Amino acid sequence: MEGKAAINTVQTPEAGIGKRMRKFFISVSDLSAFTLRFVKEAFTPKYEIYEFIKQAYLVGYQSFPLVAITGFIMGLVLTIQSRPTLAQFGAESWLPAMVAVSIVREIGPVITALIFAGKVGSGIGAELASMKVTEQIDAMEVSGANPFKYLVVTRTLATTLMLPVLVVASDGISLFGAYVGCNLKGDVSFKLFFLQVFDKLTFSDVFPATIKTFFFGLAVGLIACYKGYNSNKGTAGVGESANASVVYGSLCIFIIDMIAVQFTSLFN
Amino acid sequence: MGKMVAEIEGLQKSFGDHVVLADISLHLEEGENLVIFGKSGSGKSVLIKCLVGLIVPDGGSITLLGTDITELSVPDLNKLRKKVGFLFQSAALYDSMTVRENLEFPLRDQKELTQAEIDALVLEALTNVGLEDAIDKMPVELSGGMKKRIGLARTLILKPEIILYDEPTTGLDPITAKEISRLILDVQKKYNTAAIIITHDVECARITANRMMVIKDGKCAAEGTFDELAASEDELVNSFFK
């Protein structure tokens with residue numbers, strides 16, 4: 001009888017999938033409500049200007065060295081890797097233009113956003129989760145302040161506005177890395193390299209690539225804030241929130257990128 | 001009977017199937033310290049979090065300073081919250097801010113205050129808890145007792161009419177715990193604040209309580225003065241005083 005009772009309590013795979021699906025849709029609806037609240041709070045006074053500037057500094061300025069180093073290496077490596085293939089077709093002169101289009105349209109925004117999600121997203125997720133665990137968010141609420149506006153709106157706006165700036169900077173440094181890469185096995189002047197780059201780059205390369213980075217930043221900030229703000233599993237929840245912020249933030253970057261590419265191709 | 005500053009009637013709260021508060025009623029008079037005893041998990045903290053709207057109750061009514069908080073909009077609730085201080089068990093100091101910034105935080109909306117007035121208020125609050133020297137320290141540099149004092153100073157800066165203390169002496173050594181208990185009493189005398197003090201600490205209750213209440217299974221099990229409850233023959237009540 002005991003064995004039979006035990007068998008009856010084992011969850012069937014269908015029930016397990018059903019439970020996970022239910023949990024997934026609840027999370028999606030919660031995140032949608034969180035996003036709507038962000039939009040509402042972002043456009044209603046009072047504005048937390050000083051906290052926004054502080055967060056923009058922390059998110060932007062302090063991420064810059066990492067983004068710059070990665071950008072430089074990205075341009076350098078892409079050039080070195082592409083050169084032999086182009087050389088086989090006698091198209092080495094196309095190297096600056098090809099690398100520039102690759103970096104500006106796709107690699108620069110996506111790689112920078114992924115690094116940003118790893119550094120900034122995990123930081124925001126862990127910080128807010130730890131504030132939640134130690135009742136600091138509750139303390140803000142009982143003091144009559146609006147913790148959502150102070151913590152979530154400022155951080156999400158900072159990630160939304162600073163990621164495009166970092167991407168533009170990273171693209172520039174990547175192109176410099178590509179110039180260095182070109183000169184490792186060749187001799188291209190700085191002027192000629194960048195003339196070739198800007199000859200092939202068009203508005204339709206730069207504009208959509210920059211616009212999508214606002215959405216990357218929004219997704220990274222919103223997901224990190226959502227995971228941290230709703231953490232409720234004690235100290236274990238802090239690590240979980242940091243981890244989830246990076247994983248879901250990165251996933252969202254790829255999904256947004258896919259949508260952006262489809263959308264852009266409609267106009268090309 | 002003094003003026004009533006808080007009144008709870010038939011408060012109920014469950015988390016899933018777990019009933020935390022079954023039917024709690026209490027009142028708090030102006031300038032009175034009400035100490036609430038109860039086993040861990042008996043719903044004491046949930047009770048005071050319901051009082052400030054941090055947790056929404058399932059049933060019952062909560063009247064705070066003459067206003068039913070269950071019917072208030074968020075902006076109105078926030079205005080009312082400025083008259084109610086809350087000292088958290090962990091003190092809940094904002095760890096990315098200095099002590100000065102922690103104390104200034106509740107004053108951010110008071111645009112009529114000049115920086116000199118804010119500085120004076122911060123200094124007064126710190127003087128009340130005897131920690132003027134800690135003004136530029138970060139919370140991580142403070143001991144447990146100092147954090148509780150700064151937490152109390154941050155609560156006092158808005159000159160609240162009611163203060164809710166969530167286990168103010170938990171985790172402190174007996175000497176520091178006694179200092180905090182005496183500080184609670186000093187605050188009551190100086191500002192004539194009413195307070196609800198959640199604690200397991202008999203010494204804290206002895207020093208601070210004007211009236212006491214014991215919670216069991218989400219209901220009020222006993223009520224009276226410290227001496228009345230200390231002399232009680234009820235097994236649960238008696239167990240706190242042994």
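A salt bridge is a side-chain nitrogen of Lys or Arg within 4 Å of a carboxyl oxygen of Asp or Glu. Keep that in mind as you look around this model, which is a predicted one.

**Charged partners**

Over all chains, the structure holds 23 salt bridges. Let's start in chain B, where the side chains of B:Glu179 and B:Arg149 meet in one of them, at 3.0 Å from N to O. B:Glu179 sits in helix α6 (residues 174-191) of chain B and B:Arg149 in helix α5 (residues 144-156) of chain B, so this pair ties together parts that are 30 residues apart in sequence. B:Glu179 is partly exposed, with a relative accessible area of 37%, while B:Arg149 is buried at 16%. Why does B:Arg149 count as buried? Its relative accessible area is 16%, and buried means under 20%.

Salt bridges that share partners also join A:Lys46, A:Glu48, B:Lys82, B:Arg108 and B:Asp109 into one network. Inside that group, A:Lys46 forms a salt bridge with B:Asp109. A:Lys46 lies in the loop between α2 (13-42) and α3 (49-60) of chain A, and B:Asp109 lies in the loop between α3 (99-104) and α4 (115-128) of chain B, so the pair joins two chains.

| Salt bridge | Distance, N to O |
|---|---|
| A:Lys46 and B:Asp109 | 3.2 Å |
| A:Arg83 and A:Glu92 | 2.8 Å |
| B:Glu179 and B:Arg149 | 3.0 Å |

In the A:Arg83 pair, A:Arg83 is buried, with a relative accessible area of 12%, and A:Glu92 is partly exposed at 37%.

**Rings that pair up**

Now for the aromatics: the structure holds 20 aromatic pairs over all chains. The rings of A:Tyr57 and A:Tyr61 have their centres 5.1 Å apart and their planes at 20°, so this pair is stacked. A:Tyr57 is partly exposed at 43% relative accessibility, and A:Tyr61 is exposed at 57%.

What about A:Tyr179 and A:Phe190: how are their rings arranged? Their centres are 5.1 Å apart and their planes stand at 85°, so the pair is edge-to-face. A:Tyr179 is in helix α7 of chain A and A:Phe190 is in helix α8 (residues 190-200) of chain A, 11 residues apart. A:Tyr179 counts as buried at 17% relative accessibility, whereas A:Phe190 is partly exposed at 44%. Both rings belong to one aromatic cluster, along with A:Phe72, A:Phe176, A:Phe193, A:Phe194 and A:Phe198.

**Inside and outside**

In soluble globular proteins, nonpolar side chains tend to be buried together. The largest nonpolar core here has 75 residues, and the members that touch the most others are B:Leu26, B:Ile36, B:Leu47, B:Leu164 and B:Ile196. Helix α7 (residues 147-184) of chain A supplies the largest share of this core, with 10 residues. Leaving aside neighbours within four places in sequence, B:Leu26 is in contact with several residues, including B:Ala6, B:Ile8, B:Leu34 and B:Met213.

Which residues make the nonpolar surface patch of about 590 Å²? They are A:Leu161, A:Phe203, A:Phe207, A:Ile211, A:Phe214 and A:Phe215. Helix α9 (residues 203-229) of chain A gives the most to the patch, with five residues. A:Phe214 has its place in that helix, and at 31% relative accessibility A:Phe214 counts as partly exposed.

A last stop is A:Thr112, in helix α5 (residues 95-133) of chain A. A:Thr112 is buried, with a relative accessible area of 2%. Not counting residues up to four places away in sequence, A:Thr112 touches A:Val67, A:Ile107, A:Leu163, A:Leu166, A:Val167 and A:Ser170.

Technical notes: Residues are numbered from 1 along each chain as its sequence is written. Chains are lettered from A and ligands numbered from 1 in the order in which they are written. This is a predicted model: local features need pLDDT of at least 70, side-chain atom pairs count only at pLDDT 80 or more; totals for chains, interfaces and linings use all residues. Side-chain values use heavy atoms; hydrogens and water are left out. A nonpolar core is a set of buried Ala, Val, Leu, Ile, Met, Phe, Trp, Tyr and Cys residues joined through side-chain atoms within 4.5 Å. Buried means under 20% relative accessible area, exposed over 50%, partly exposed in between (1.4 Å probe, protein chains only). Helices (H or I, at least four residues) and strands (E, at least two) are DSSP runs, numbered from the N terminus. Contact means heavy atoms within 4.5 Å. Patches are made of residues with over 30% relative accessible area and no salt bridge: like charges are joined within 9 Å, nonpolar side chains (Val, Leu, Ile, Met, Phe, Trp, Tyr) within 5 Å. Accessible areas come from the Shrake-Rupley method with a 1.4 Å probe; for residues, only the protein chains shown count as cover. Rings of Phe, Tyr and Trp (its six-membered ring) pair if their centres lie within 6.5 Å; planes under 30 degrees apart count as stacked, over 60 as edge-to-face and the rest as tilted.
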